[in-house]
Each structure stands twice: as C-alpha cells, then as structure tokens.
Amino acid sequence: MFTMLKNSLEIDKLNALFSTHNLTALAIQQGFIKRKPRKIDPQNFLIALFLVILQQASSLRKIALMLGSMKNILISKQAIDKRINEAFVQFLEQVLAYIIAYKIKTPSLISSRFKRIIVHDSSTVRLPDHLAKEFPGSKNHKGNTYAMIKIQTLYDLRTDQFCHFQITPFTI
C-alpha cells in the first residue's frame with residue numbers, strides 16, 4: 001500500500017514537471033516517435049521508466065507492466081524494446097537538458113558577464129551483476145567485478161544544451 005502511495009506521489013511530481021513542456025513535440029523532433037502515439041505516449045513512457053528505475057528492479061517486462069497499469073491497457077515488453085533506441089537516448093538527453101534548465105535558473109547578471117557557464121558531472125550507476133562483462137566496474141577483495149556505468153556530462157547553462165554527453169563502462 002505504501003509503495004502504491006509513494007508511486008502516486010512520484011507520478012504527480014513527474015506529471016507536474018512534464019506538463020509545462022510538450023514532450024510529444026520534443027519526441028517527434030528527436031525521432032523518438034514518428035506520428036501521434038496511440039498506446040505509448042512519451043510522458044507516460046518516461047514516468048513508467050523512472051518509476052521502475054526508482055524501484056531498482058529494471059527490466060523491459062516491468063516497464064511494460066508499469067506503463068500498462070498506468071494506462072489500463074496491455075503493453076508487451078517487445079513494444080518497449082522497440083522504442084529503446086538511439087532516438088530514445090537523444091530524447092532522454094533533451095528531457096534531461098530541459099529538467100536542468102527548469103531547476104537551475106541562471107541569474108541574468110552572472111550570465112551576461114560570461115560567454116559560457118559549463119557544469120560538469122560524472123556519475124556512476126550500479127547495474128545488475130549479469131552485465132559485468134559489457135560494463136565492468138570496480139572489484140571487491142575477492143576479485144568479483146561489479147557492473148557499473150559512468151555518465152559523463154558537460155552542460156552549458158547559457159544555451160541550455162549539452163556540450164558533451166557520454167555513457168561508458170566504469171573502467172573507461
């Protein structure tokens with residue numbers, strides 16, 4: 001019961017954040033969707049994806065179940081798999097840029113004095129252990145390798161765009 005209430009609150013927060021921006025237009029611009037979505041619209045897809053990630057139980061099946069329960073329809077894991085491609089990654093980059101621009105308001109006095117204001121971030125995310133071959137991470141004292149990715153970003157606050165966005169194994 002608590003998980004459902006917590007998910008409901010998270011959905012409300014994400015809906016409020018995304019309601020100010022037309023995600024469908026952004027998804028079309030990035031090539032994530034080609035026409036008006038029937039079952040899987042970008043906003044609900046992102047919300048389902050984020051909720052599954054927050055539960056730390058990511059799988060295509062769980063994303064499909066979450067999205068299906070939100071829209072009260074049946075969605076296959078194959079339908080989710082089809083939509084996770086290069087265009088989706090570009091769409092996510094633009095959504096992330098939008099969220100950063102929304103959350104960080106650069107004071108005009110500061111922004112008028114500088115040509116560029118660059119924010120650099122390097123984050124690591126632990127993945128399920130079966131992905132250790134593709135995304136090798138740190139090792140423990142027994143020599144076991146964990147699966148981890150490193151997300152490197154450079155973001156220009158003046159132009160609200162990424163200068164650099166890269167996802168690599170932790171060891172690179």
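Rings of Phe, Tyr and Trp (its six-membered ring) pair if their centres lie within 6.5 Å. Keep that cut-off in mind for the opening stop, where ring pairs link F32, F45, F88 and F91 into a cluster. The model you have open is a predicted one.

**Stop 1: the aromatic rings**

Select F32, F45, F88 and F91 and show their side chains; these are the residues that ring pairs join into a cluster. Across the whole structure, a search finds 6 aromatic pairs. Zoom in on one of them, F45 with F88: the centres are 5.2 Å apart and the planes stand at 85°, an edge-to-face arrangement. This pair ties together distant parts of the chain, since F45 sits in helix α3 and F88 in helix α6 (residues 86-103), 43 residues apart. Are these two residues buried or exposed? Both F45 and F88 are buried.

Now move along to Y155 and F162. Their ring centres are 5.1 Å apart and their planes meet at 70°, so this pair is edge-to-face. Y155 has a relative accessibility of 2% and therefore counts as buried. F162 counts as buried too, because its relative accessibility is 18% and the cut-off for buried is under 20%.

**Stop 2: α3 against α6**

Return to F45 and colour helices α3 and α6. Their axes lie 13 Å apart, and the helices pack at an angle of about 85°. That angle makes α3 roughly perpendicular to α6. To see the contact itself, select P42, F45, L46 and L49 on the α3 side, then F88, F91, L92 and V95 on the α6 side. What classes of residue make up this contact? There are 8 nonpolar residues, with no polar and no charged ones.

Leaving aside residues up to four places away in sequence, Q30 touches A87, Q90, F91 and Q94. With a relative accessibility of 17%, Q30 counts as buried.

**Stop 3: α3 against α4**

Keep α3 (residues 42-54) in view and bring in α4. The two axes come within 9 Å and cross at roughly 125°, so α3 and α4 are oblique to each other. The crossing of α3 past α4 is right-handed. For the contact, select N44, F45, I47, A48, L49, L51 and V52 in α3, which meet K62, I63, M66, L67, M70 and K71 in α4. Sorted by class, this contact holds 10 nonpolar, 1 polar and 2 charged residues.

Next, pick out M70, a residue of helix α4. How many residues apart along the chain are M70 and F45? They are 25 residues apart, and their C-alpha atoms are separated by 9.7 Å. M70 is partly exposed, with a relative accessible area of 26%.

**Stop 4**

Finally, step to N72, in the loop between α4 (60-71) and α5 (77-83). Check its backbone torsions: N72 has a positive phi of about 60°, although it is not a glycine. Is N72 buried or exposed? Its relative accessibility is 71%, so N72 counts as exposed.

Notes: Residues are numbered from 1 along each chain as its sequence is written. This is a predicted model: local features need pLDDT of at least 70, side-chain atom pairs count only at pLDDT 80 or more; totals for chains, interfaces and linings use all residues. Side-chain values use heavy atoms; hydrogens and water are left out. Helices (H or I, at least four residues) and strands (E, at least two) are DSSP runs, numbered from the N terminus. Buried means under 20% relative accessible area, exposed over 50%, partly exposed in between (1.4 Å probe, protein chains only). Axes are lines fitted to C-alpha atoms, for helices over the stretch in contact, and angles run from 0 to 180 degrees between N-to-C directions. Angles under 35 degrees count as roughly parallel, over 145 as roughly antiparallel, 65 to 115 as roughly perpendicular and the rest as oblique. A crossing is left-handed if the near helix is turned anticlockwise from the far one by less than a right angle, and right-handed if clockwise. Contact means heavy atoms within 4.5 Å. Ala, Val, Leu, Ile, Met, Phe, Trp, Tyr, Cys and Pro count as nonpolar, Asp, Glu, Lys and Arg as charged, and the others, Gly among them, as polar. Rings of Phe, Tyr and Trp (its six-membered ring) pair if their centres lie within 6.5 Å; planes under 30 degrees apart count as stacked, over 60 as edge-to-face and the rest as tilted.
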